[in-house]
Amino acid sequence: MSTHWFGQRSPRANGWRYAAWRVLLSVGFLAVAAAAVVAHTSPATEYELSVYSSTPVAFWVGVALALGSSLLIAFYSPKRSERRLALFLAGLSVLSVTALPLLRGYVFYGGGDPLTHLGWTRNVLWGDLELSTLLYPGLHGVSILAHRVLGVGLKQAMMLTTSLFVLVFVVFLPLFVHTATDDLTVTAVGVFATLMLLPINNISTHLTAFPSTLAIFFTPLVLVLALVYLTERGHRSWVHPIGVVLALASVTTILVHPQQASNLLFVVATVTVVVAVKRRVFGSSPDLRPLYGQTLFFALVLVLWGMTHERVTEAATAYSDSVFETLAGASEGADTLAQRTGSLADIGASPEEIGVKLFLVSGIFLLLTAYLLGRDLTGRMEQFAPRVRTLSSFGLALVPIGAIMVLYMMGNLQTIYFRHFGFIMLIATVFGAVALGRLFTAARDANHRPVVAGIVVVCIAVMLTLSLLTVFPSPFIYKANGHVTDAELAGHEMAFENESPAVGYVGIRTGPDRYRDATEGVLTLGPRSERRESRVPYGRLGSDLTIEFEGPRYVVVSRSDVQRETVAFRGLRYSDDGFRALGTGDGVDRVLSNGDFRLYYVQD
C-alpha cells in the first residue's frame with residue numbers, strides 16, 4: 001500500500017460517513033459562493049479605511065466555513081477525489097478574499113505607486129510612449145491586454161491583472177511542492193501554506209498593482225519549469241521544449257520586475273553551482289540536467305535589459321554606494337530604524353506587536369526551512385527521492401539573497417530590503433510546507449499520535465487566519481486601506497483642470513502628484529525631481545497656514561487622509577482638531593468639495 005496519504009485506498013466505512021463528507025464539501029462550496037454574492041451586492045459607497053471591517057460579516061462567515069470544511073476534508077476524508085476538491089475549495093476561498101476590491105466595486109485599489117503605474121499605462125494607450133521603454137512593462141502590458149480583450153475600464157483591468165498574478169502563485173507554488181516531493185499529503189499542506197500569502201508584508205510588498213510583488217507571484221511558474229527541466233530524464237538534447245519555455249518564462253520575470261528577477265537568478269545560479277559541485281566533487285546527482293545555458297541566458301538578458309534603462313544603472317550606483325557606506329560604518333540605517341520604532345511608540349504600539357502580527361507566521365516557516373536545510377547539510381536527506389534532495393539546492397539560494405537583504409537593511413535604503421524578504425518567504429513557504437507535511441504524515445501513521453496530527457492541522461488553520469488578517473493594510477497593523485474612490489479621483493481631476501499654474505500644492509504627508517499621474521499621465525510632469533510635491537508641516541494643520549509657506553498654496557485633503565491620520569495613525573502627525581480647524585481661519589478658503597475630496601486655497 002502506498003505510504004502517501006492521498007495514495008491510500010479508501011477504507012470501507014458506513015454510507016452515512018461518505019455522505020457526511022460530501023455534504024460538508026457541498027456546504028463549503030455553497031458558503032464561498034454565497035460569500036462572493038454578499039460581497040458583490042454590498043459595494044463600497046465611500047472611502048473604506050479597512051476592507052475587513054467594511055465587508056459584511058456574512059462574507060467572512062462564508063469564507064471561514066469554506067476554509068474550515070476544506071481543511072477537514074483535505075486531511076481526513078477517506079476519498080482522494082474529495083480531498084482534491086477540498087484543495088480547490090480552499091484556493092477559491094482565499095482568491096475571493098484577495099479579489100475583494102473587485103468584488104466590492106472599488107474604482108481602483110492602491111495609492112502611491114499603483115496610481116503612477118496607472119498613469120504610465122495611460123501614456124502607452126494614448127500613444128505617448130512605447131511599452132518597451134518602461135523598466136518593468138509586464139504589469140502595464142497585461143493590463144492593456146485585459147482592457148482591450150475584456151472591454152473593462154483600465155483601472156479595473158489593472159486590478160484584474162493583480163488577481164491573475166495571485167492565481168498564478170496559488171496554482172504553481174503547490175505544483176512546485178508536488179513536483180519536488182511527489183507526495184500528495186505534503187502538497188495539501190503546500191496549498192494551505194501558499195494561501196497564507198507569506199510574501200506579502202505591506203512594507204515593500206503589497207497585494208495591489210505593484211510590479212515587485214507581481215514578480216514574486218509569477219516566480220513559482222519559473223521554479224516548476226526549472227525543476228522539471230533539471231530532473232526530467234527522457235530528453236537529453238541541448239534544445240528541449242521545456243527549456244525553451246523556461247527561457248521565455250525567465251525573460252517574462254525580467255519584464256515584470258528586474259530586481260525580483262535578479263533574486264530568481266540567484267536561485268537558478270545556486271542550483272547550477274550546487275548540482276555541478278555534487279557531480280564533480282562528490283560524484284552524485286548524475287541524472288540531473290545541467291543549467292549552465294539557462295543561467296547564462298537569464299543573466300545575459302537581465303544585464304542587457306538593465307543597461308538599456310537608465311533607472312537601473314542609477315539605482316545600482318546608489319545601492320552600491322549605500323553598501324560601501326554600511327561597511328565603512330557611515331550608514332544612517334540604524335537612525336532610520338530608530339525613527340520608525342519611535343513613531344510606533346508614539347501611537348501606543350510597539351515593534352514587538354507589529355513583529356508578531358506581520359512576521360510570526362513567517363518566522364515559523366523560516367525556522368522550518370532552516371531545519372530542513374540543516375538535515376540536508378548533515379546528509380539526512382539521502383533517504384528521500386532525487387527530486388526531494390534536489391529541493392535543497394533551491395533553498396541554499398536563501399544564503400546570497402539573505403546576505404543582500406542584510407546589507408540593505410544595514411544601509412540607508414529605506415524599506416527596500418523587505419522586497420527581498422518577500423522573495424525569501426516564497427522559498428520558505430515551500431520548505432515550511434514540506435516540513436509540516438512530513439510531520440503530519442509521521443504523526444498520522446503512528447497509531448499512538450493522532451492528536452499530534454490534529455495539532456498540526458489546527459496550527460495550519462491558525463497560521464492561515466493570522467496571515468489573511470494582514471494581507472490588506474488596515475488599522476490592525478496601523479496602516480490605511482489603499483482604496484481609491486471615484487469621488488477622490490474626480491476631485492483631483494477637477495482641481496487640476498482649474499488650477500493656477502503659479503500656485504503649488506501641499507497635502508497631508510504628501511502632495512497630489514500621484515493623482516496627477518493617474519489622471520493626466522506621467523509624462524506631463526517630467527522627471528520626479530522636478531515635481532512640486534510638498535506637505536502641510538506636521539502638527540500645523542490647525543495653525544495660521546498663511547505664514548507656513550512662501551506664496552499661495554492649494555491644500556488637498558481627502559476622506560482617506562482624515563481616516564488614515566485620525567484612526568490608523570491615531571493623530572500622530574495630524575489631529576482630528578486640526579482637520580476641523582482647517583478652513584475656519586483667515587486667509588484659508590475652501591474652493592472645492594465633493595464629499596471625499598476638499599481643496600483649500602491658502603492666500604499669500
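A residue is called buried here when its relative accessible area is under 20%, exposed when that area is over 50%, and partly exposed in between. With that in hand, welcome to this predicted model. We will visit a helix, some aromatic rings and a hairpin.

**A helix and its neighbours**

Let us start with helix α7, which covers residues 138-150. Its 13 residues reach 18 Å from the first C-alpha to the last, close to the 18 Å expected at 1.5 Å a residue. Which residues of α7 are buried? They are Gly138, Leu139, His140, Ser143, Ile144 and Ala146. These buried residues pack against four helices: α6 (113-125), α8 (154-181), α10 (211-231) and α11 (241-256). Just after α7 comes Gly151, with a positive phi of about 75 degrees.

**Aromatic rings**

Now to the rings. The structure holds 20 aromatic pairs. Two of these pairs are set out below.

| Pair | Centre to centre | Angle between planes | Arrangement |
|---|---|---|---|
| Phe59 and Trp60 | 5.0 Å | 85 degrees | edge-to-face |
| Tyr109 and Phe472 | 5.9 Å | 90 degrees | edge-to-face |

Tyr109 belongs to strand β1 (residues 108-109), while Phe472 sits in the loop between α20 (450-468) and β2 (483-484), so their pair ties together parts that are 363 residues apart in sequence. Tyr109 has a relative accessible area of 6%, so it is buried. Phe472 is buried as well, at 1% relative accessibility.

In the other pair, Phe59 counts as buried because its relative accessibility is 0%. Trp60, at 23% relative accessibility, counts as partly exposed, because buried means under 20%.

Ring pairs also join these residues into a cluster, made up of Tyr52, Phe59, Trp60, Tyr106, Tyr109 and Phe472.

**Charges over rings**

Lys357 lies over the face of Phe476, 4.2 Å from the ring centre. Arg535 is placed over the face of Tyr538, and its distance from the ring centre is 4.2 Å.

**A hairpin to finish**

Our last stop is a pair of strands. How many bridges join β5 to β6? Five bridges link strand β5 (residues 588-593) to strand β6 (residues 597-602), and the two run antiparallel. Leu592, for example, has Leu599 in β6 as its bridge partner. The hairpin has three residues between the strands, and Gly595 in this hairpin takes a positive phi near 105 degrees.

Terms used:
Residues are numbered from 1 along each chain as its sequence is written. This is a predicted model: local features need pLDDT of at least 70, side-chain atom pairs count only at pLDDT 80 or more; totals for chains, interfaces and linings use all residues. Side-chain values use heavy atoms; hydrogens and water are left out. The expected span of a helix is 1.5 Å times one less than its number of residues. Buried means under 20% relative accessible area, exposed over 50%, partly exposed in between (1.4 Å probe, protein chains only). Contact means heavy atoms within 4.5 Å. Rings of Phe, Tyr and Trp (its six-membered ring) pair if their centres lie within 6.5 Å; planes under 30 degrees apart count as stacked, over 60 as edge-to-face and the rest as tilted. A charge sits over a ring if NZ of Lys or CZ of Arg is within 6 Å of the ring centre and within 35 degrees of the ring normal. Two strands pair if DSSP finds at least two bridges between them.
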